[in-house]
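Please keep the sequence and the model in view while reading.

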Amino acid sequence: MNSVRVLIVDDHAHAREATRVILSEDPMFNIVGTATSGQEALEFTEQWMPDLILMDISMKGMDGLETTRLIKLRFPYIKIIMMTVSDDAAHLFEAIKQGAQGYILKSLPPSMWLEYLRSVVLDEAGLSQEIALRILQQFPSTKVQNDPVANTLTPREREILHWVSSGLTNRDIAAELSISEQTVKNHLKNLLHKLQLENRVQLTRYAIEHGLASDQLYRP
């Protein structure tokens, strides 16, 4: 796999350096630069065109949520991971709405950072089961009514969507449904194409908004 070009965005020098040290342990990640503000992040993104941006969610001036929104408007294909000291569901849900692929707690050990970021690059990372549940509990009124595309989903696709929104990995979903991991990947590819989405985090958001992430399963 080619190296992943990373831009680190944080208004605290210590946090930027700590992130740089963690990523330097894995040759997959090539840090192309750091930004100290949302405005710098916008400028450096256009200049360096990173593959992945690690974005502090709380910054003075333009915060990480607004910066993410603006970057995603211009460069929707760039993956953005929010860095935060809190797992507050409201902030994380807002980050997903703005286009972020996920989030990472700054307090996690370096090995978990690297494992998670690798899974994001490989499009295998979703929300944790705990955060997915908290978002479901906090945002029960976001259901979209009468979506014609949602009505075209097969029972199996609804099952896959349910388990993705529950935070399960491809391997876990395969075990739950007694199918191969490759079959799960094929279903996910079809879902992303049908719903015109880019990743499993957006699938989670879709499931929440369309009432497909409840405890009720949709079986054939």
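A residue is called buried under 20% relative accessible area, exposed over 50% and partly exposed in between, with a 1.4 Å probe and protein chains only. By that scale methionine 49, with a relative accessible area of 29%, is partly exposed. The model is predicted: local features need pLDDT of at least 70, side-chain atom pairs count only at pLDDT 80 or more, and totals for chains, interfaces and linings use all residues. Residues are numbered from 1 along each chain as its sequence is written, and side-chain values use heavy atoms, with hydrogens and water left out.

**Overall fold**

- The protein chain holds 10 helices and 5 strands; helices (H or I, at least four residues) and strands (E, at least two) are DSSP runs, numbered from the N terminus.
- Of the 220 residues in the protein chain, 49% are buried.
- Among contacts with a separation of 6 or more, 68% join residues 24 or more positions apart; a contact means heavy atoms within 4.5 Å.
- The protein chain has an accessible surface of about 10900 Å², and carbon and sulfur atoms contribute 50% of that surface; the areas come from the Shrake-Rupley method with a 1.4 Å probe, and for residues only the protein chains shown count as cover.

**Aspartate 56**

- The unreviewed UniProt entry places the feature "modified residue: 4-aspartylphosphate" at Asp56; UniProt positions follow the numbering used here, feature names are shortened, and annotations may be inferred rather than shown by experiment.
- Aspartate 56 belongs to strand S3 (residues 52-56) and is buried, because its relative accessible area is 4%.
- Beyond its neighbours within four places in sequence, aspartate 56 contacts Val9, Asp10, Asp11, Gly64, Met82, Met83 and Lys106.

- Helix H5 (residues 110-121) has 12 residues and, at 1.5 Å a residue, should span 16 Å; its end C-alpha atoms are 17 Å apart, which agrees. The expected span is 1.5 Å times one less than the number of residues.
- Trp113, Leu114, Tyr116, Leu117, Ser119, Val120 and Val121 are the buried residues of H5.
- The cover over these buried residues includes strands S1 (4-9), S2 (29-35), S3, S4 (79-84) and S5 (102-105), together with helix H1 (13-23).

**Helices H7 and H9**

- Helix H7 (residues 155-165) and helix H9 (residues 181-195) have axes that come within 10 Å and cross at roughly 95°, which makes H7 roughly perpendicular to H9.
- On the H7 side, Arg156, Glu157, Ile160, Leu161 and Val164 meet His187, Leu188, Asn190, Leu191 and Lys194 of H9.

**Individual positions**

- Most residues other than glycine have a negative phi.
- Methionine 49, in the loop between helix H2 (38-48) and S3, has a positive phi near 50°.
- Serine 178, in the loop between helix H8 (170-177) and H9, also has a positive phi, about 60°, and is exposed at 68% relative accessible area.
- Arginine 69 lies in helix H3 (residues 64-74) and is partly exposed, with a relative accessible area of 30%.
- The C-alpha atoms of arginine 69 and alanine 100 are 8.4 Å apart, while the two residues are 31 residues apart in sequence.

Note on methods:
Axes are lines fitted to C-alpha atoms, for helices over the stretch in contact, and angles run from 0 to 180 degrees between N-to-C directions. Angles under 35 degrees count as roughly parallel, over 145 as roughly antiparallel, 65 to 115 as roughly perpendicular and the rest as oblique.
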